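Student: I should like to study this protein step by step. May we look at the model together?

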Amino acid sequence: LNYLLCFAEFEEARKWVANDLVFDKNVDVNLFESTIRILGGLLSTYHLSGDSLFLEKAKDIGNRLMPAFRTPSKIPYSDVNIGRGTAHPPRWTSDSTVAEVTSIQLEFRELSRLTGDEKFQVWKNQLM
């Protein structure tokens with residue numbers, strides 16, 4: 001019975017992701033938080049379920065976060081507008097925090113591995 005309840009909850013969540021999770025919005029998001037929570041969550045769900053829907057959504061948000069890495073210093077900006085494809089440093093300083101930008105490598109490396117798209121890997125190499 002417990003398994004059936006979990007399966008029903010998963011199916012309800014999957015339906016929401018398929019029908020309502022849309023990233024094409026004119027909104028600034030924090031690179032670090034979006035990477036560890038949204039991208040990481042979608043990648044984890046893909047690994048647990050094998051459902052390609054979650055990988056496709058991960059690729060979508062991964063692509064939308066990429067403008068953060070287009071900086072002169074190669075240290076990504078902290079904020080990304082996922083609808084417009086623009087990025088900027090935090091409003092309170094000119095730089096992102098090193099701890100945040102180095103800890104997001106795991107998700108981008110895994111996205112690169114799963115999709116076979118090296119563009120997600122290239123940014124990781126520039127951070128090191």
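Student: How many helices and strands does the protein have?
Tutor: This is a predicted model. Read along the sequence, its elements follow the pattern α-β-α-α-β-β-α-α-α. Counting the symbols in that pattern gives six helices and three strands.

Student: How far apart are the end C-alpha atoms of helix α3, and what span should its residues give?
Tutor: Helix α3 covers residues 52–65, which makes 14 residues. At 1.5 Å a residue, the helix should span 20 Å. The model agrees with this, for the distance between the end C-alpha atoms is 20 Å.

Student: Which residue caps the N-terminal end of α3?
Tutor: One looks for a side chain that reaches a backbone nitrogen at that end of the helix. Here the backbone nitrogen belongs to L53, and a side-chain oxygen lies 2.9 Å from it. The capping residue that supplies this oxygen is D51.

Student: Is Q105 buried or exposed?
Tutor: Q105 belongs to helix α5. A polar atom of its side chain lies 3.3 Å from the backbone oxygen of T102. The relative accessible area of Q105 is 9%, and the limit for a buried residue is 20%, so Q105 is buried.

Student: Which other residues of α5 are buried together with Q105?
Tutor: Helix α5 covers residues 105–115. An α-helix has 3.6 residues a turn, so residues three or four places apart point the same way. Besides Q105, the buried residues of α5 are E107, F108, E110, L111 and S112.

Student: Are α3 and α5 parallel, perpendicular or oblique to each other?
Tutor: The axes of α3 and α5 are 11 Å apart, and the helices pack at an angle of about 125°. Because of this angle, α3 is oblique to α5.

Student: Which residues make the contact between α3 and α5?
Tutor: The crossing of the two helices, α3 and α5, is left-handed. From α3, the contact involves L55, A58, K59, G62 and L65. Among these, L55, A58, G62 and L65 are also buried. The partners on α5 are F108, L111, L114 and T115.

Student: Which residue follows α5, and what is its phi?
Tutor: The residue after the helix α5 is G116. Its phi is positive, near 75°.

Conventions
Residues numbered from 1 in each chain as written. Predicted model: local features only at pLDDT ≥ 70, side-chain atom pairs only at ≥ 80, totals over all residues. Heavy atoms only, no water. Buried < 20%, exposed > 50% of the residue type's maximum accessible area, 1.4 Å probe, protein only. Helix = DSSP H or I, 4+ residues; strand = E, 2+ residues; numbered from the N terminus. Expected span 1.5 Å × (residues − 1). Polar contact = N/O pair within 3.5 Å; in protein donor to acceptor, adjacent residues only side chain to side chain. Axes fitted to C-alpha atoms, helices over the stretch in contact; angles between N-to-C directions. Parallel < 35°, antiparallel > 145°, perpendicular 65-115°, else oblique. Left-handed = near helix turned anticlockwise from the far one by under 90°. Contact = heavy atoms within 4.5 Å.
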